[in-house]
Each structure stands twice: as C-alpha cells, then as structure tokens.
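Q: Walk me through reading salt bridges in a structure, please.

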Amino acid sequence: MHPRAGASLSRRRFLALSAAGAATGAATLSGCAMQVSSGVSGGGETVTLMAKPDDLSPELVRQAQKDIGVKIVTVRYDITKLIGMMTNGAPPDLVRGVGATDAPYFAARDVMEDLDPYFAGSGVLEVDDLDPVNDLWRFDGRTQGKGPRYGMAKDFSQDSMFWYNTALFDEADVDYPPETEPVTFEEWLENAERLTRRKNGQTTVFGGSYNGVLTPNLLASLTVAAGGSLFTDDFSRVDFTTPEARKALNWYIEYGRARVGPSIVQPDPNAWDGPTFQANRMAMSNSGYWLGGLINSDKKLAPHARLAPAPVFEGGRRVSPCQAGTGLWMPKKAKNKDAAWRVFEWFFGEGPAKARAAGGWGIPTLKSLRPLMPAQEDYQKRVLKVQNAELKHFSVIAYTPYATADSLYALFNQEAPAAMNGRISVDALAGRLNSVMNEQLKRGKEQVG
C-alpha cells in the first residue's frame, strides 16, 4: 500500500498518485484548564500553514504569535500547489484536510507524518482525551480507523443528524420528530414533501435538505445504515447493485426527484443550507450540530430550531457518522515539525479550541472541552441533550484510499441528473456508477501499488 521505503517522490509520481480527483480540492474547514505543552515553547520560529481563507483569520494568526511565540504564514489551500510544494521538497508544515476522506488517501501515499510520538509526549493533547471521531485520522495501510494517527479534527458533527424549524412544522401541521429516537428515512422524506411550499412554480420553502458533506461519503453512510457497505472489503471497488447500496441510492434519487430540497437538479441559490434555514425557507437541514454556531447567533431563529437524531432505514443499522472531521495534518517532509506541533497543540487544545467549543461551531474533539458547549438557554439545553444521546451511535465509516471524494463526487454529478430527472432508472444509474467509479478506483489502486 505504501511506496517503497526511501523511494523519492517525483512530481510525476505524485501527480499520478493524485490523479483521482486532485484538481478540485477539499471541503471547507468548518466547527478545561490550560495545560502546559511539552513541545517547543516558541522563540521566533515560522510555520507555514496551508489553509482556506476562513480557516485561520488574521486575528488568530496574530494571537498565535502572542500566545506561543510562533509566526504562522498562511498559504491558500490548493491541491495542485500542495503537490508542487511536496514534490519539490518544500511542503507546508501543516495542511488542512478532511479526515473522513483525505486521511486514507494521503496516508496510503506515504506523505503524512505519523503523529503518535507527538501525541505520546504532549501535555495538551492526551490520547485518552481524544474523542473517537479522531479515529477518522488513523490508517493502518488498509483500513481507516485503525493504526497510526496522521491528523486531528478541530471539531465535528454527526452529519446525518438534522435540524428542524418548529415554526414551519406548526404551519404545515406536521408532528415534530422524537428527541432521541430516530425517524425512518421514508418518514423523513414524507415529512419533507408535506413541508415543501411552492408558488407560481417556484419553491418558496424547502421541506428538507439531505446532501451530506459530499455525495460519495453520504452514500457510503446511507449504505451502512441500510446494513451493507458501498465498498468491497479491500476498498478497491464500489458496488451500487447490492441490496443495501441500491436501497441507499434509490432513497437519494427519490429525494432528488421529489424536489423537496436542494440537489444537483435543484440547486439552492445560497449554495449551502445555513442562509436558507436562517431565512425560514428550509424546514429541515442535515447539517449536524455544527450549524448551531449560526443558529445560536440568531435569537429569533434559535428558540424554533431543534436537533434530531440521524434517521434509520427499516431493518437497517442505527449509525450516526461524521462525514468530515476537518482538521490539520503534517507532511512527512515538513521542515519545522517541532514548531508545527506547537501550533497544532495550540489550535486543537488551547484558546482557539475553547472558543470554537463555546460558540457551538461543532462538538469539541477533546472530551475535556465538552463542558464549554453552549447550554445557557433552554433551547441550547434541549439541543445538547439530543446531541449527547446521539454520541453513542457514532462509528467510523471507512472510506477508500484509492480516490478522492471530489473525484467520485464529480462522477456522481455527471451520471445522476438523468435518474433524478426520470430519464433513466435507478438500476441503470447503479450500473453506470459502478462502471465509471470502478475505473477511477482501479487507476488509483494501480498508482498506489
């Protein structure tokens, strides 16, 4: 699975390894007492951090210099630039990434630093304090969720959970979902149809949005919920024709056909659920706890916004995964690893982590920070009760190391509109997806070796 030890990583070699969708980038980096680091304390070091503009504000960069004495130089995240920097032997010291999909991809290519020794020596990030969601950043050469740690999530949501607006439910005379027991996916879709409002042929209120972080890992999660696996045991192929994957795919295509929420055939002009939900134009959104950061800032909306458990399929498994787990990783050839680790500790375990936890932008990935989650208002206490009950249903849903989620997402978007528009059957779509995705996965497996 790994390149030969000591082998040089040429630009051509890495471009080949990254061909499976590297051109489109990754999803957006979203959402106790101070401990003393056992690492470098700072002293004029400079750390290069590749991130997206919203990942690290200029104010936070200045705060890092003040708190730990390390200067952070940010480089805009770009996968092509990252490949160039790594193959030229001058990678960033830290890179943003999506644990659920990026960790197996880059770890299989042997370009990530094993962080287990750093965690073992840290007085800030102790392994026993790590939430299980951080296992998304582990990879043993075959399976995600096991083996060395290659990164850490900064916060997380169980992304199949959904928010709902009680005011819109009341207007449509639809019963609220139970607080701790899941509705079925079929019930969710029926409710979404009843909640949808249209005028003059235009949708004025979406009944519900259920798109996940990216469609490939959403479909992987839905297939597990149906009792199966989208990938074969060695993660080298997908099979949408198994009963479980077919059930998951059929549900999602029915969601698109029903026009109850945003999809590739009915895009949301706002491009994401937050503004639409906030404008009372979306009754349900499967954005997970993370959306609470936006909701808490809107005192008119917050009392009407509630969180519900991830739905289930009749006869399937109750699972409530994280489809992102976005955070940071350290390239194996980084030049300033000790200083980078000090930034890593500060970002994930000190001031920035505490601020994120208190704002409701995701669940903290250190268990010791959970008491900081918003619980002052009655509606916040209700949300926290639902979220805490859901934590026991979390599990890592392993993703393939042979293709990026973006590449499989592009292939899905190429093939699925015909099914959502009723021009081909779901069975025909399943065959098409198997063909194009498995060709991509085959190339990726050949390149990894």
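A: Start inside one helix. Arg342 and Glu345 are 3 residues apart in helix H12, so about one helical turn separates them. Helices are DSSP runs of H or I, at least four residues, and strands are runs of E, at least two, numbered from the N terminus. This is a predicted model: local features need pLDDT of at least 70, side-chain atom pairs count only at pLDDT 80 or more, and totals for chains, interfaces and linings use all residues. Residues are numbered from 1 along each chain as its sequence is written, and side-chain values use heavy atoms, with hydrogens and water left out.

Q: What do the side chains of Arg342 and Glu345 meet in?
A: A salt bridge puts a side-chain nitrogen of Lys or Arg within 4 Å of a carboxyl oxygen of Asp or Glu. Arg342 and Glu345 form one at 3.6 Å, N to O.

Q: Is Arg342 buried or exposed?
A: Buried means under 20% relative accessible area, exposed over 50%, partly exposed in between (1.4 Å probe, protein chains only). Arg342 is buried at 8%. Glu345 is buried at 0%.

Q: Which residues do salt bridges with shared partners join into one network?
A: Asp135, Arg138 and Arg149.

Q: How many salt bridges does a search of the whole structure find?
A: The search gives 18. One of them pairs Asp55 with Arg96 at 3.3 Å, N to O. Asp55 sits in the loop between strand S1 and helix H2, and Arg96 in strand S3, so the bridge ties together parts 41 residues apart in sequence. Both Asp55 and Arg96 are buried.
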